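The structure is shown first.

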Amino acid sequence: MKTTKILENKKLKMTKLYDAAYELFTSNGVHNTIIDDIVKKAGVAKGTFYLYCKDKYDLVDKIILKKSAAVFDEAMKAVAERQKVREMDFLPSVIFFVDYLVEFFKKNKKLLSLIYKNLSWDLYEKALTYDEMEGAKRIFIQHFITAGGDSEIARQRLYIVVSMVGAVCYNSIVLEMPYPIDSVKGELYRSIREILA
């Protein structure tokens with residue numbers, strides 16, 4: 001019972017750190033946020049911060065991974081629900097998945113900005129090992145192998161699609177230029193189909 005209480009307390013402190021940091025990172029920017037601001041807003045001791053994170057950039061990575069995994073999980077569930085109603089082949093499933101993400105990020109510009117500005121290759125690789133994202137990656141690669149393709153080419157195409165969707169969403173949703181997202185979605189999806197064909 002005592003162990004359960006300790007674990008709950010640790011989880012609560014970590015949640016407070018995540019929430020406080022996310023709010024500060026998305027309102028002030030990562031570079032303008034210091035650890036003292038985060039722990040003050042979270043109501044925890046500075047030493048507690050270092051129990052969970054090496055530095056604020058480690059915390060940024062953890063927040064991005066956690067939030068990205070949650071969004072991917074939602075998108076995968078939406079695809080599964082849609083397939084219960086109407087069976088979809090691989091390409092329509094990918095487009096539906098991407099469209100889900102686009103619509104999500106239209107409502108969550110701050111999260112999109114945080115992810116896009118701080119997503120490194122190393123973090124991208126870590127993200128693809130999370131259970132929620134690993135499933136999507138596995139389905140993607142398996143489709144290419146089943147069609148007689150090569151798993152390395154599948155990984156390259158996945159990287160290209162993720163990079164392209166991220167750049168288009170960031171520019172069109174966050175920066176609102178050079179085109180609004182709704183005016184380029186058709187071309188974005190056509191490009192994805194061509195890359196994956």
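## Aromatic pairs and a helix crossing

Eight aromatic pairs are counted in this predicted model. Two of them are set out here.

| Pair | Centre to centre | Angle between planes | Arrangement |
|---|---|---|---|
| Phe-90 and Phe-144 | 6.3 Å | 80° | edge-to-face |
| Tyr-116 and Tyr-170 | 4.5 Å | 15° | stacked |

Take the phenylalanines. The planes of Phe-90 and Phe-144 stand at 80°. Angles over 60 degrees count as edge-to-face, so the pair falls in that class. Phe-90 belongs to helix α5 (residues 90–107) and Phe-144 to helix α8 (residues 131–146), so the pair ties together parts 54 residues apart in sequence. Both Phe-90 and Phe-144 are buried. Ring pairs also join Phe-90, Phe-140 and Phe-144 into a cluster.

Now the tyrosines. Tyr-116 and Tyr-170 form a stacked pair. Tyr-116 lies in helix α6 and Tyr-170 in helix α9 (residues 151–174), 54 residues apart, and the pair links these distant parts of the chain. Tyr-170 has 10% relative accessibility and counts as buried, because the cut-off is under 20%.

Helix α6 (residues 109–118) also packs on helix α1 (residues 2–28), at an angle of about 85° with axes 10 Å apart. The two helices, α1 and α6, are therefore roughly perpendicular. From α1, Tyr-22, Phe-25 and Thr-26 meet Lys-110, Leu-111 and Leu-114 of α6. By class, this contact has four nonpolar residues, one polar and one charged.

The charged end of Lys-67 sits over the Tyr-22 ring, 4.2 Å from its centre.

Definitions and conventions. Residues are numbered from 1 along each chain as its sequence is written. This is a predicted model: local features need pLDDT of at least 70, side-chain atom pairs count only at pLDDT 80 or more; totals for chains, interfaces and linings use all residues. Side-chain values use heavy atoms; hydrogens and water are left out. Axes are lines fitted to C-alpha atoms, for helices over the stretch in contact, and angles run from 0 to 180 degrees between N-to-C directions. Helices (H or I, at least four residues) and strands (E, at least two) are DSSP runs, numbered from the N terminus. Angles under 35 degrees count as roughly parallel, over 145 as roughly antiparallel, 65 to 115 as roughly perpendicular and the rest as oblique. Contact means heavy atoms within 4.5 Å. Ala, Val, Leu, Ile, Met, Phe, Trp, Tyr, Cys and Pro count as nonpolar, Asp, Glu, Lys and Arg as charged, and the others, Gly among them, as polar. Rings of Phe, Tyr and Trp (its six-membered ring) pair if their centres lie within 6.5 Å; planes under 30 degrees apart count as stacked, over 60 as edge-to-face and the rest as tilted. Buried means under 20% relative accessible area, exposed over 50%, partly exposed in between (1.4 Å probe, protein chains only). A charge sits over a ring if NZ of Lys or CZ of Arg is within 6 Å of the ring centre and within 35 degrees of the ring normal.
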